[in-house]
Amino acid sequence: MSETYNPWTVVNLVFHHLAAEGLHPVLGETGDPATPAAALLRALGIEPGRDDEGPAAPSVQAELAELRARMFPGQDRE
């Protein structure tokens, strides 16, 4: 069994490193960055984890929406 890693953790680390070097990285500028993020991980020899493990997971998004509604009432977000 191969080891998996949350794609967003790795991508976040890489992006922060590139930004610290003065670069302006962009990933998935034409839509959902999941596919390019997975390709980046595979290029690094890392098997991406399941889609429902990261920040895009429906359960995570629902919890974030609930927190936003509680913390910022009356500010509907689309």
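User: How many helices and strands does the secondary structure of the protein come to?

Analyst: In this predicted model, the secondary structure consists of 3 helices and 2 strands. Read from the N terminus, the elements follow the order β-α-α-β-α.

User: How is the packing of two helices described?

Analyst: Two packed helices are described by the angle between their axes together with the distance between those axes. Here, helix H1 (residues 7-20) packs with helix H2 (residues 34-43) at an angle of about 80°, and their axes are 10 Å apart. H1 and H2 are therefore roughly perpendicular to each other, since angles of 65 to 115 degrees count as such.

User: Which residues of H1 and H2 meet?

Analyst: From H1, the residues Pro 7, Trp 8, Val 10 and Val 11 take part; they meet Ala 34, Ala 37, Leu 40 and Leu 41 of H2. The residues of this contact comprise 8 nonpolar, no polar and no charged.

User: Which residues in H2 are buried?

Analyst: A residue counts as buried when its relative accessible area is under 20%. In H2, this holds for Ala 37, Ala 38 and Leu 41. They lie on the same side of H2, because the arc they cover around the axis is only 100°.

User: What covers the buried residues of H2?

Analyst: The cover includes strand S1 (4-5), H1 and strand S2 (47-48). On the face of H2 turned away from its buried side, one finds the exposed residues Thr 35 and Ala 43.

User: Which residue with a positive phi follows H2?

Analyst: Gly 45 follows H2, and its phi is positive, near 80°.

User: Turning to the protein as a whole, what percentage of the residues is buried?

Analyst: Of the 78 residues in the protein, 14% are buried. The protein exposes about 6,200 Å², and carbon and sulfur atoms supply 56% of that area.

User: What share of the contacts between residues at least 6 apart in sequence joins residues at least 24 apart?

Analyst: Among those contacts in the protein, the share is 60%.

Note on methods:
Residues numbered from 1 in each chain as written. Predicted model: local features only at pLDDT ≥ 70, side-chain atom pairs only at ≥ 80, totals over all residues. Heavy atoms only, no water. Axes fitted to C-alpha atoms, helices over the stretch in contact; angles between N-to-C directions. Helix = DSSP H or I, 4+ residues; strand = E, 2+ residues; numbered from the N terminus. Parallel < 35°, antiparallel > 145°, perpendicular 65-115°, else oblique. Contact = heavy atoms within 4.5 Å. Nonpolar A, V, L, I, M, F, W, Y, C, P; charged D, E, K, R; others polar. Buried < 20%, exposed > 50% of the residue type's maximum accessible area, 1.4 Å probe, protein only. Areas by Shrake-Rupley, 256 points an atom, 1.4 Å probe, with all protein chains shown as cover. Arc of directions from axis to C-beta.
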